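Please read this briefing alongside the sequence and the model. The points that follow are grouped by topic.

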Amino acid sequence: DEVAKFYAGEVALALEYLHDDAGVVFRDLKPENVLIAASGHVLLVDFGFARKVGNGVKYNHVSQRSLGK
């Protein structure tokens with residue numbers, strides 16, 4: 001379905017922006033935290049579990065520590 005692909009892409013781009021450009025890890029992704037604005041675009045809400053990472057450093061891996069090792 002083209003509509004589902006559009007919204008999945010919007011969520012992926014929003015997460016990519018938050019992680020790569022804003023240095024934020026959005027850790028509470030679930031349907032009730034993804035809203036659709038009147039413009040038709042996706043809004044991510046509820047940043048209560050989000051975490052700021054690094055000082056402009058891009059993280060492209062999962063560390064051993066984050067895996068509980």
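Predicted model: local features only at pLDDT ≥ 70, side-chain atom pairs only at ≥ 80, totals over all residues.

## Confidence and overall layout

Residues are numbered from 1 along each chain as its sequence is written, and side-chain values use heavy atoms, with hydrogens and water left out.

- The mean pLDDT of the chain is 84, and 78% of its residues reach 70 or more.
- The chain has one helix and four strands, taken as DSSP runs numbered from the N terminus, with helices being H or I of at least four residues and strands being E of at least two.
- Read along the sequence, these elements follow the pattern α-β-β-β-β, and among them confidence is lowest in β4, at a mean of 90, and highest in β2, at 96.
- Among contacts between residues at least 6 apart in sequence, 48% join residues at least 24 apart.

## Surface and burial

- The accessible surface of the chain comes to about 5400 Å², of which 58% belongs to carbon and sulfur atoms; accessible areas come from the Shrake-Rupley method with a 1.4 Å probe, and for residues only the protein chains shown count as cover.
- Of the 69 residues of the chain, 17% count as buried, where buried means under 20% relative accessible area, exposed means over 50%, and partly exposed lies in between (1.4 Å probe, protein chains only).

## Nonpolar core

- The largest nonpolar core is made up of seven residues, V11, L18, V24, F26, V42, L44 and A50; such a core is a set of buried Ala, Val, Leu, Ile, Met, Phe, Trp, Tyr and Cys residues joined through side-chain atoms within 4.5 Å.
- Helix α1 (2-21) and strand β3 each supply at least two residues of this core.
- F26 is buried, with a relative accessible area of 10%, and, leaving aside its neighbours within four places in sequence, F26 is in contact with L15, L18, N33, L44, V45, D46, F47 and A50.

## Aromatic pairs

- A search of the whole structure finds two aromatic pairs, for which the rings of Phe, Tyr and Trp (its six-membered ring) must have centres within 6.5 Å, with planes under 30 degrees apart counted as stacked, over 60 as edge-to-face and the rest as tilted.
- The rings of F6 and Y7 have centres 5.1 Å apart and planes at 75°, so this pair is edge-to-face; F6 is partly exposed at 40% relative accessibility, and Y7 is partly exposed at 25%.
- The rings of F26 and F47 are also edge-to-face, because their planes stand at 65°, with centres 4.9 Å apart.
- F26 lies in the loop between β1 (24-25) and β2 (34-36), whereas F47 lies in the loop between β3 and β4, so the pair ties together parts that are 21 residues apart in sequence.
- F47 is partly exposed, with a relative accessible area of 37%.

- N33, found in the loop between β1 and β2, counts as buried at 5% relative accessibility.
- Beyond its neighbours within four places in sequence, N33 is in contact with F26, D28, L43, L44, V45 and D46.
- D46, placed in the loop between β3 (42-44) and β4 (51-52), is partly exposed at 41% relative accessibility.
- Phi of D46 is near 65°, a positive value in a residue other than glycine; most residues other than glycine have a negative phi.

## Salt bridges

- A search of the whole structure finds two salt bridges, each defined as a side-chain nitrogen of Lys or Arg within 4 Å of a carboxyl oxygen of Asp or Glu.
- E2 forms a salt bridge with K5, with the closest N and O atoms 3.7 Å apart; the two residues, being three apart in helix α1, are separated by about one helical turn.
- E2 is exposed, with a relative accessible area of 59%, and K5 likewise counts as exposed, at 56%.
- D28 and K30 meet through their side chains in a salt bridge at 3.8 Å, N to O; D28 counts as buried at 11% relative accessibility, whereas K30 is partly exposed at 33%.

Key
Contact = heavy atoms within 4.5 Å. pLDDT = per-residue confidence, 0-100.
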